[in-house]
Amino acid sequence: DINSKVVQELLKECDPLTTTQSGLKYKEEGNKAFKECDYAQASIHYTQSIESYVSLNINPNSTDENDVENIQQLCNVYSNRAACLLKLGDHKNALSDTEECLKLNPKHVKALFRKGLSLHALGRYREACPTFGEALKLNPNDQQIKQALLFAERKAQMEVRR
């Protein structure tokens, strides 16, 4: 019987995923690899997710509920890939991913924090300070951001003294 639960489940498994479902699936695979500390593999999955969401050609100013959700997901995936790239020591591309995320959502705290970390790792301490400051304004109780800001400020001051 075509309407039986078993047959419907089998059909569902064979059904190709929508672009949005693919983006979400790759994101979840990236999250799993990240948790396993396989940052290179996570980065690949996040790249596949980004490609899925970007292919939707969503207007970032859209108020459509699905578009807003997809933009949020895309933003999170850029931020997640930036975290991988930081772990892999690819600070320049991590910075690029945080900037892509912040174009979509300028108040994305994790992206601001990761942008600050990227700038810091690139020795751009004076640029890192206001970035950490912006993240701290949005999340004032975050000890990690406070520590990073203090460290960047010290490095910037040491740079001035040279």
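Axes here are lines fitted to C-alpha atoms, for helices over the stretch in contact, and angles run from 0 to 180 degrees between N-to-C directions. Helices are DSSP runs of H or I with at least four residues, numbered from the N terminus.

This is a predicted model, where local features need pLDDT of at least 70, side-chain atom pairs count only at pLDDT 80 or more, and totals for chains, interfaces and linings use all residues. Residues are numbered from 1 along each chain as its sequence is written, and side-chain values use heavy atoms, with hydrogens and water left out.

I will start with the helix pair. Helix 7, residues 125–138, packs with helix 8, residues 143–161, at an angle of about 155°, and their axes are 8 Å apart. The two are therefore roughly antiparallel to each other, a label given to angles over 145 degrees. Their crossing is left-handed, that is, the near helix is turned anticlockwise from the far one by less than a right angle.

Which residues of helix 7 meet helix 8? They are Tyr-125, Arg-126, Ala-128, Cys-129, Phe-132, Gly-133, Ala-135 and Leu-136. Contact means heavy atoms within 4.5 Å. On the helix 8 side, the residues include Ile-145, Leu-149, Ala-152 and Val-160. By class, this contact has 12 nonpolar, one polar and five charged residues. Nonpolar covers Ala, Val, Leu, Ile, Met, Phe, Trp, Tyr, Cys and Pro, charged covers Asp, Glu, Lys and Arg, and the others, Gly among them, are polar.

Next, the aromatic rings. How many aromatic pairs does a search of the whole structure find? It finds two, with rings of Phe, Tyr and Trp (its six-membered ring) pairing if their centres lie within 6.5 Å.

Phe-34 and Tyr-39 form an edge-to-face pair, 5.0 Å centre to centre with 65° between the planes. Edge-to-face means over 60 degrees, stacked under 30, and tilted the rest. Phe-34 is partly exposed, with a relative accessible area of 26%, and Tyr-39 counts as buried at 17%. The cut-offs are under 20% for buried, over 50% for exposed and in between for partly exposed, with a 1.4 Å probe and protein chains only.

Phe-113 and Phe-132 form a tilted pair, at 5.9 Å and 50°. Phe-113 lies in helix 6 (residues 109–121) and Phe-132 in helix 7, so the pair ties together parts 19 residues apart in sequence. Both are buried.

Last, Leu-117, also placed in helix 6. Leaving aside neighbours within four places in sequence, Leu-117 is in contact with Leu-86 and Phe-132. Leu-117 counts as partly exposed, at 30% relative accessibility.

Definitions and conventions. Angles under 35 degrees count as roughly parallel, over 145 as roughly antiparallel, 65 to 115 as roughly perpendicular and the rest as oblique.
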